Amino acid sequence: MATVILATLAAAALVLDPVVAQSSTSSCSVLKPSYSAPSVASGYAAAPVATGLTKPRGIVFDSTGRILVLQQNKGIVGLTLNDGGGTCVNVKDKKTVVENENASHKIWSQYVFALFLNHGIVLSSDGKTLYASTSAEVFAWTYDPATGTAGTNKTIVKGMDNPDHITRTLLLSQKMPGILLVSRGSAENIDEGTTDIKTTRSQIKAFDLNNIGDKVYDFSNDGTLVGWGLRNAVGVAEEPTTGAIYSVENSADDLQRLGKDIHQNNPAEKLNFHGYLNGTKTAEQGGNFGYPDCYAAWDVNDLPENRNLTVGKQFAINITEVINDDFCQKQRIAPRLSFQAHTAPLDMKFSADGREAYVTFHGSWYFAPLNPSRQAHPS
C-alpha cells in the first residue's frame, strides 16, 4: 500500500493517498459512500475502505496490516484488507476482536456510558497488548496479531468518569516505551470545577505501564500531569523524532465577553505543546492552558476591548481584578496554533520524519453556516 492516511468518517473508514492512485478502477472493487464524497487537495485521492461500521471512532494497524476499529458503544472489529495499490483498498475479512458485553443496555445514563468502549484504542510497541477506553476506565487485553484475537480484559486505569465529554483518548509513547497518555475532558461546557487541579478533569496524564503487574492506577491520585486547563483535548500526538507531545483541543460554546455574545467566531480551537516525557524540562510540562477562565482569540474584531489581542492570544471572559487578559497571557500557556472556532479537531498524526502533521476536524452544528468536517495539513 502506498503511504496513506486513514480516517474514520460517519460509518465508513476512508483512505487518503498522497499520490493519486495509479490502479485501474476496472480491476478494483470500488465502494460507494452514502455521503457526499470529500473534497481533497491537489495530489491526493480519497476512497472508502469499509462500510457497515457502527460509529467508528479509533483505528490502529496491527503488525500484520489488519486494521482494528473501535466502534463506539459496540466493541472492536478487525479488518483484513485486499490491497490493490493506491486507494484500491477494501475489506477481505471482518471479525470481532472485542465485543462490548454491555451493548444490550438501552438506558443511556452516565453510569451505562461508563460501561462502553467509546474512543481510545492503541497497541503496545510489540503489538501483543491492546488498550481501549470507556469514559471511566482504560482496559488492556493480550492480543495475538496472527489470529486477530484478544484475551480477557483487565483494568489498568480507573476513576475518570464524568458526563458530557466522555471520550478518553489514549497515546502510547514510542520514544518512552510503556508510557501511556490518557486525556480526560470536562464535565460540561464551562466546567468551573476544573479550576481546582484536584478534580483531575480537563487534564492529560501519563502512566508508566512498565512492570505494572496487577496494579490499577487511579486517574485522580496517580500518574504524571502532562497538562491541565484543557477543555477537551481529543487528539494527542507524539512528534516521532524528538518525542514532543502535542494535543488538539475543542474549545467552548456560548461564550460572552463584557455582555456581548461572541460565540459565532470565538474562541479558537487549539493545538497545544506539552513538552517531553523523557525528563527534559519545559515551561509547558504540567502547565495550565487556560480553561475555563481563558480562551484563544480567533475573530479579534468581534471581541470587545480587543486592543491588545491578536489571533491566538488568550483572553478572559469573566473579567475581574485577578482574572483578566493580562493574567491569561502571562499566567496561562498559549496554543502553538489556533484554528477556526467550532471546527472541532479530533485527532493529530505526524509523518515519520516529524516534518508534517495531519489534523482531522469533524466540524460543528453550532456554527452557522454549518462547519464541515475536514483534514488540515499544518507543516
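Predicted model: local features only at pLDDT ≥ 70, side-chain atom pairs only at ≥ 80, totals over all residues.
Let's start with the overall picture. The protein chain is built from 2 helices and 29 strands. Of its 379 residues, 50% are buried. The chain exposes about 17,100 Å², and carbon and sulfur atoms supply 50% of that area. Counting contacts between residues at least 6 apart in sequence, 55% join residues that are at least 24 apart.

In soluble globular proteins, nonpolar side chains tend to be buried together. Here, the largest nonpolar core has 16 residues, and those with the most contacts inside it are Tyr 131, Val 138, Ile 156, Val 157, Leu 180, Val 182 and Leu 209. At least two residues of this core come from each of the strands S10 (138–144), S12 (154–158), S13 (168–172) and S14 (179–184). Take Ile 156 as an example: leaving aside neighbours within four places in sequence, its contacts include Tyr 131, Val 138, Leu 180 and Leu 209, along with Lys 215 and Tyr 217. There is also a second, separate core of 14 residues, with Val 98, Leu 123, Ala 132 and Trp 141 among them.

Strand S22 deserves a look of its own. As for strand partners, S19 (residues 245–249) runs antiparallel to S22 and is joined to it by 4 bridges. Another 3 bridges link S22 to S26 (residues 337–339), again antiparallel.

Tyr 246 has Phe 273 as its bridge partner in S22. The model holds 8 aromatic pairs. Tyr 246 and Phe 273 form a tilted one, 5.3 Å centre to centre with 50 degrees between the planes. Because Tyr 246 lies in S19 and Phe 273 in S22, this pair ties together parts that are 27 residues apart in sequence. Buried here means under 20% relative accessible area, so Tyr 246 qualifies at 16% relative accessibility, and Phe 273 does too at 6%. Together with Tyr 276 and Phe 350, these two residues form one aromatic cluster.

Elsewhere, a charged side chain meets a ring: Lys 205 lies over the face of Phe 219, 5.4 Å from the ring centre.

Terms used:
Residues numbered from 1 in each chain as written. Heavy atoms only, no water. Buried < 20%, exposed > 50% of the residue type's maximum accessible area, 1.4 Å probe, protein only. Contact = heavy atoms within 4.5 Å. Areas by Shrake-Rupley, 256 points an atom, 1.4 Å probe, with all protein chains shown as cover. Core = buried A, V, L, I, M, F, W, Y, C linked by side-chain atoms within 4.5 Å. Pairing = 2+ DSSP bridges. Phe/Tyr/Trp six-rings, centres within 6.5 Å; stacked < 30°, edge-to-face > 60°. Lys NZ or Arg CZ within 6 Å of the ring centre and 35° of its normal.
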